[in-house]
Amino acid sequence: MNDNRPDLSGDWDLDPAHTRIGFSAKHAMVANVRGAFNDVTGSLHVDFDDTTKSTAEIVLKVASVDTRNAQRDEHLRSADFFNVEKWPDVVFKSSRIEEVGDNALVVSGDLTIRDVTKPITIPIEFTGVETDAFGALRAGFEGTRRIDRREYGLEWNMPLDSGGWLVSEKITLEFEISAIKRESDAQQAA
């Protein structure tokens, strides 16, 4: 490892102001609709000595879904889709994080949407690390993964006259993550 590179091992928290967990879907088979969850929390534990001990957990508050259309957002919060009253969170918990190449990770774990938990593997690119203007160490990650929303109980749809569907069954999940390293006890005491 480069001696000038900061120590990345330790605990990190997602910075909600600079993190976007979103999705895109086809609408009426012709237009992409993009959305995101504005209330995101999460943490990472990085252990370069034993990567099997590295973990990630992300929680999205479904009520914060934002597609820039209030009527559509309310429909997504309803029982037709996420049913926010009954299942307020989307949760991802990693089971394994592997480095598969330079700045390339594969994060495997369980994704829970509504009352359905399924294993998922997400390719993630490590986009870099920098100390910000306030002295905090930041790391960036990006990735995408397509899923079939029906596998998670998100089955509502409406047929089109052409034979297609109003909302695509395949959804692309989009991850743009900024994480801030927690100060260790030794750093806080200094």
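Predicted model: local features only at pLDDT ≥ 70, side-chain atom pairs only at ≥ 80, totals over all residues.
User: How are the rings of Phe 23 and Phe 37 arranged, and what are the distance and angle?
Analyst: Their ring centres are 5.8 Å apart and the planes sit at 50 degrees, so the pair counts as tilted.
User: And where do Phe 23 and Phe 37 lie?
Analyst: Phe 23 is in strand 2 (residues 20–27) and Phe 37 in strand 3 (residues 31–37), so the pair ties together parts 14 residues apart in sequence.
User: Are Phe 23 and Phe 37 buried or exposed?
Analyst: Phe 23 and Phe 37 are both buried. They also form one aromatic cluster together with Phe 82.
User: OK, what about Phe 126 and Phe 141?
Analyst: That pair is tilted too, because the planes are at 50 degrees, with the ring centres 5.5 Å apart. Phe 126 sits in strand 9 (residues 116–131) and Phe 141 in strand 10 (residues 137–148), 15 residues apart, and the pair links distant parts of the chain. Both Phe 126 and Phe 141 are buried.
User: Switching topic: where is the place of Ser 54?
Analyst: Ser 54 is in the loop between strand 4 (40–46) and strand 5 (55–61). Its relative accessibility is 8%, so Ser 54 counts as buried.
User: Which backbone atom does the Ser 54 side chain reach?
Analyst: The backbone nitrogen of Asp 47, at 2.9 Å.
User: And what does Ser 54 touch, not counting residues up to four places away in sequence?
Analyst: With those left out, Ser 54 touches His 45, Val 46, Asp 47, Ser 94 and Ile 97.

Conventions:
Residues numbered from 1 in each chain as written. Heavy atoms only, no water. Phe/Tyr/Trp six-rings, centres within 6.5 Å; stacked < 30°, edge-to-face > 60°. Helix = DSSP H or I, 4+ residues; strand = E, 2+ residues; numbered from the N terminus. Buried < 20%, exposed > 50% of the residue type's maximum accessible area, 1.4 Å probe, protein only. Polar contact = N/O pair within 3.5 Å; in protein donor to acceptor, adjacent residues only side chain to side chain. Contact = heavy atoms within 4.5 Å.
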